[in-house]
Amino acid sequence: MAESQFKEGKHSPLQPGHAIPVSHQEFPGKEHEMPLQAQYDKLPTEGGGYQRYKAAGKLDGKKALITGGDSGIGRATAVLFAMEGADSFLVYLPDEEKDARETKQIVEARGRRCWLMATDLSRRENCKQAVDQALRQTGGIDVLFNNAAYQNMTDDIHSLSEDQWVRTFDTNIHPFFYLSKYALPHMGRGSAVVNNASVNAYTGRPDLLDYTASKGAVVAFMRGLSNQFVGRGVRVNAVAPGPVWIPLVPATMTAAAQRDFTSPMGRPAQPSEVAACVVFLAAPASSAISGQTIHCNGGVVVNG
């Protein structure tokens with residue numbers, strides 16, 4: 001799909017007072033089936049509209065490995081990385097092929113290269129293959145963005161199955177360990193690892209107990225890994241988004257949760273707003289920051 005076709009789609013207002021439409025998809029969710037198009041290269045303006053992200057060559061010549069790179073925050077990060085001068089290797093589930101190919105076209109329209117790999121990262125051998133293939137295709141890894149995630153709403157621990165608990169951790173934290181372990185030997189001074197956590201790790205959301213726990217593990221893993229590598233010139237940080245308009249919303253959230261999907265700002269964030277934070281953590285502008293979390297959560301005040 002050409003980029004011009006995206007521009008003609010239904011753009012999401014996501015402004016205070018504009019509720020998102022309730023919709024339902026099967027996991028993992030599809031960007032191209034979203035009832036309102038998310039913004040991947042534009043940021044909100046004070047007047048209620050959007051303006052294109054202004055790049056400044058922050059990542060010229062860099063190579064990035066991005067998981068969950070087909071849509072949502074992963075897509076927006078790949079696009080902003082391209083605008084900043086970086087090539088990307090995107091990993092995603094096989095069911096997300098259409099979205100991934102669209103993301104590749106958007107990235108390449110920005111003048112950068114983009115490689116695709118469809119695989120299930122909950123299997124450790126696939127994590128190793130992803131890093132190996134990224135190295136072969138791109139020639140190196142300067143930025144690792146651990147982003148892929150799974151969630152499923154369950155109100156009570158007694159109705160939370162053991163299989164779901166295992167699946168959540170197999171998706172949300174174990175690949176972060178494997179990918180970091182396999183990629184870091186190839187990442188030199190000035191490289192960066194960015195992990196996608198969640199506001200839920202700090203607020204303790206009760207209807208996402210397993211997801212919340214796994215994201216708490218992401219934060220703890222990030223801190224420990226930073227302490228291992230900060231002296232070697234590799235920075236490790238995290239972003240902790242609040243509500244963000246991504247395919248995971250219609251794919252995993254109930255109608256009631258979607259109707260209440262907002263933040264203290266009165267709206268969910270656009271993927272581009274989180275991706276801009278990832279750019280900052282990946283770029284030299286954050287050279288004195290490691291072991292920290294950027295709370296791009298729409299104004300929720302947390303202790304963390």
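1. Two strands count as paired if DSSP finds at least two bridges between them. Strand β8 (residues 235-239) and β9 are joined by two bridges and pair in the parallel sense. The model discussed here is a predicted one.

2. The bridge partners at this end of the sheet can be named. Val-239 has Ile-294 of β9 as its bridge partner.

3. Next, the whole sheet. It is open and consists of seven strands in the order β5-β4-β3-β6-β7-β8-β9, with parallel pairing. The strands at the edges are β5 and β9 (293-294); each has a single partner strand, so one side of each lacks a neighbour in the sheet. As background, strands of a sheet pair through backbone hydrogen bonds, either parallel or antiparallel.

4. Helices lie against this sheet. Helix α2 packs on it and touches β3, β4, β6 and β7 (192-196). The direction of α2 makes about 170° with that of β3. Helix α4 (residues 124-138) also packs on the sheet, where it touches β3, β4 and β5. The direction of α4 makes about 160° with that of β5.

5. Is β8 mostly covered or mostly open? It is mostly covered, since five of its five residues are buried. In a regular strand the side chains alternate between the two faces of the sheet. In β8, Arg-235, Asn-237 and Val-239 point one way, while Val-236 and Ala-238 point the other way, and all are buried.

6. The largest nonpolar core has 50 residues. Ile-66, Phe-81, Val-239, Trp-245 and Val-249 are the ones with the most contacts inside this core. Elements that give two or more residues to this core include β3 (63-67), α2 (72-83), β4 (87-92), α3 (97-109) and α11 (271-282). The largest share, eight residues, comes from α2. A second, separate core has 34 residues, among them Leu-65, Phe-89, Met-222 and Ala-238.

7. Which residues does Phe-81 touch, leaving aside its neighbours within four places in sequence? Phe-81 is in contact with Leu-59, Ala-64, Ile-66, Ala-86, Ser-88, Val-143, Val-278, Val-279 and Ala-282.

8. Some totals for the protein chain follow. The chain holds 11 helices and nine strands. Its radius of gyration is 18 Å, close to the 19 Å that the globule rule gives for 304 residues, so the chain is as compact as a globular protein of that length. Along its principal axes, the C-alpha trace spans about 45 × 45 × 35 Å.

9. Buried residues make up 57% of the 304 residues. Among contacts between residues at least 6 apart in sequence, 79% join residues at least 24 apart. The accessible surface of the chain is about 12,700 Å², and 50% of this belongs to carbon and sulfur atoms.

10. Asp-163 is a residue on the outside to check. Its place is in helix α5 (residues 162-172). Exposed means over 50% relative accessible area, and Asp-163 has 65%, so Asp-163 is exposed. The C-alpha atoms of Asp-163 and Arg-267 are separated by 33 Å, and these residues are 104 residues apart along the chain.

Methods:
Residues are numbered from 1 along each chain as its sequence is written. This is a predicted model: local features need pLDDT of at least 70, side-chain atom pairs count only at pLDDT 80 or more; totals for chains, interfaces and linings use all residues. Side-chain values use heavy atoms; hydrogens and water are left out. A nonpolar core is a set of buried Ala, Val, Leu, Ile, Met, Phe, Trp, Tyr and Cys residues joined through side-chain atoms within 4.5 Å. Buried means under 20% relative accessible area, exposed over 50%, partly exposed in between (1.4 Å probe, protein chains only). Helices (H or I, at least four residues) and strands (E, at least two) are DSSP runs, numbered from the N terminus. Contact means heavy atoms within 4.5 Å. Axes are lines fitted to C-alpha atoms, for helices over the stretch in contact, and angles run from 0 to 180 degrees between N-to-C directions. The radius of gyration is taken over C-alpha atoms; the globule rule is 2.2 Å times the number of residues to the power 0.38. Accessible areas come from the Shrake-Rupley method with a 1.4 Å probe; for residues, only the protein chains shown count as cover.
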